[in-house]
Amino acid sequence: MDLRYWLPRAVEVAERWGERFGPWRAHPSHHVGDEEFAPVFERFAKRMEHNYPFFHPRYVGQMVKPPHPAAQVGYVTAMQYNPNNHAYEGGPATNDMERECVAALAAMFGLPAHVGHLTSSGTIANLEALYVARQCHPGRGIAYSAESHYTHSRMCHVLGVEGHSVPADGAGRMDPGALERLLATGRIGTVVVTAGTTGLGAVDPVHEVLALARRHGARVHVDAAYGGFFALLALAEDPARRLGIDPRPWRAIAGCDSVVVDPHKHGLQPYGCGAVLFADPGIGRHFAHDSPYTYFTDAELHLGEISLECSRAGASAAALWLTLQLLPLTADGFGAVLAGGRRAALRWAELIKRSPELKLYQSPQLDIVTYFPATGPHGVPVAGPTGCPATGPGSRAPGHLSQIDAASERMLRAGMDSPDDPLYLSVLRTDAAAFTRRHPDAVPDAATARVLRSVLIKPEAEDHLDLLHERVTRLAAESRLQPSLH
C-alpha cells in the first residue's frame with residue numbers, strides 16, 4: 001500500500017459523501033490559509049523529529065510499532081466524519097463496524113457468546129472488567145499475580161475493592177498453589193490471570209486457575225491486553241507446536257468470564273484501541289443507565305449502554321474493521337505477523353545462551369526477550385535460567401546484582417546515545433529473590449537489579465536479528481570496560 005495514493009483518496013471519500021447534502025461555507029473563524037499553515041507545520045514536523053524510530057528493527061524497547069497502512073487510511077477516512085460510537089446515532093457505519101470487530105475478537109478466543117465493545121485503552125477495558133467483578137461479587141476481593149500489570153492494584157483502589165497479590169513462580173506466572181490457599185479463605189470473588197505480562201511476556205496457567213476458581217465459586221478475568229492475539233497461533237495445532245506455545249492456557253480462555261485485548265499492540269492499530277469482552281451477554285445489566293438526549297435511533301443495543309466510557313472514537317472501529325478485512329484473525333492471516341516475532345525471540349534466546357557476554361534472564365514465552373550482561377569471572381560453568389541448559393566453560397558467571405544493574409544501565413544509555421549505530425532497548429527491574437531463583441550463582445548484594453528487555457513485536461526483527469545480537473553483544477562487552485555511573 002502506498003499511503004501517498006490512499007490518504008488523498010481518504011479525503012475524496014469524505015468530500016464526495018458530503019456533496020449530497022448541498023453547498024455550504026465554513027465559518028470564517030475556522031479559516032487558516034496555506035501561507036499561514038506552512039510555517040507552523042514546518043515547526044510541527046521539526047518537533048516530531050524528537051522521537052524514537054518505533055518502525056525500525058533498531059527499536060526493540062517497548063511494545064510500540066506503527067499501525068498498518070490500512071488502519072491509517074481507515075482512521076483518517078473515518079476521522080473526517082468524526083463519529084462517536086457511544087450511541088448508534090453518533091455514527092451508524094462505525095457502530096456496525098465495531099460490532100463486527102468485537103464479534104471477530106470474541107471468535108478469536110473461542111467465546112461461545114459475548115457482549116463487548118472497543119475502549120480507548122487496556123486500562124479502561126480492565127477497569128470495566130473489574131467493575132463488573134465488583135458488581136457480581138459485592139464485598140469480595142480480586143486476586144492478581146504479582147507480575148500482573150500495575151493497573152489491577154490501582155483499579156482495585158479506585159473501585160474500593162480489596163486487591164490481593166498472588167506470588168509468581170520461577171517463570172513469572174501466577175503460582176496456583178498460592179492462589180488456592182487464598183481462594184480457600186472465601187475472600188476472593190474474581191481472579192485476574194494474565195496472558196502475556198508486559199514485563200516478561202509470561203502466560204499464567206489459565207487452565208489451572210480456572211479449575212481452582214470454579215471450585216471456590218470465583219470468576220476469572222483474562223488480561224490479554226498484550227498477548228491476546230497469540231491465541232491465533234496457540235489454538236492452531238501446527239503453529240503452536242512449531243513455535244513452542246502451550247495451547248492449554250489459551251484453550252481455557254473460552255471458559256472464562258471476561259477478556260481484555262489491545263488491538264493497538266499486536267493488532268496493528270493506532271492508539272488508543274482496546275477491547276473488553278464478556279462471556280455472559282446479560283452482563284450489560286451492570287451498566288444500565290438512562291440518557292435523556294441519546295439512544296433515540298433504532299438499534300438493538302447502543303454500545304454506550306454496555307460501557308463505562310461515553311464518547312469513543314468511531315475512527316478506531318473503522319481502522320480495525322478495514323485492517324481485519326485484509327488480515328483476517330487466522331493463524332495464516334494475522335497470525336503470520338506474530339509468528340515472525342515469536343521465531344525471532346526463540347532464535348535470539350538460543351544465541352544469548354551461547355554468548356560469553358550475555359545471560360538469558362528467562363526463556364521467552366511469547367516475543368519478549370529478557371537478558372543481562374554477564375559481569376562475573378570468565379571461564380566458570382554456571383547454571384542457566386529456568387528452562388535453560390547450563391552454560392558451558394568459557395562463559396561468564398552472572399556476577400553481583402549491583403554490577404549487573406549498573407552494566408544494564410550503561411548498555412541502555414550507550415545504545416540510545418550512539419550517533420552512528422543506535423539501538424533502543426528497555427530495562428526491567430527485578431527483585432533479588434526473583435533473580436536468584438532463576439540464577440542461583442548471582443550474588444544478591446542489592447535489593448533489585450535491572451535487566452535488559454527487548455520486545456520483538458515487529459516481525460521485521462526476524463531478518464534483523466543477527467545485527468541486533470551482534471550490537472547487543474558489543475554493548476555488553478563495552479559495558480564491562482566502562483566505569484560505573486554510580
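The model is predicted, so local features need pLDDT of at least 70, side-chain atom pairs count only at pLDDT 80 or more, and totals for chains, interfaces and linings use all residues. Residues are numbered from 1 along each chain as its sequence is written, and side-chain values use heavy atoms, with hydrogens and water left out.

Q: What is the volume of the largest pocket?
A: A pocket is an open set of points on a 1 Å grid over the protein atoms alone, where a 1.4 Å probe fits, with protein on both sides within 12 Å along at least five of seven lines. Points join across faces, edges and corners, and the volume is the space filled by probe spheres set on them. For the largest pocket this gives about 750 Å³.

Q: Which residues lie closest to the centre of the largest pocket?
A: Lining residues have an atom within 4 Å of a point. The largest pocket has 39 of them. Closest to its centre are Glu147, Ser148, His149, Thr198 and Gly199.

Q: Which element gives the largest share of the lining of the largest pocket?
A: Helices (H or I, at least four residues) and strands (E, at least two) are DSSP runs, numbered from the N terminus. Helix H5 (122-136), strand E10 (426-431) and helix H15 (432-438) each supply at least two lining residues. The largest share, four residues, comes from E10.

Q: Which helix gives the most to the lining of the second largest pocket?
A: This pocket has a volume of about 380 Å³. Helix H8 (206-215) and helix H11 (248-252) each supply at least two residues of its lining. The most, three residues, comes from H11.
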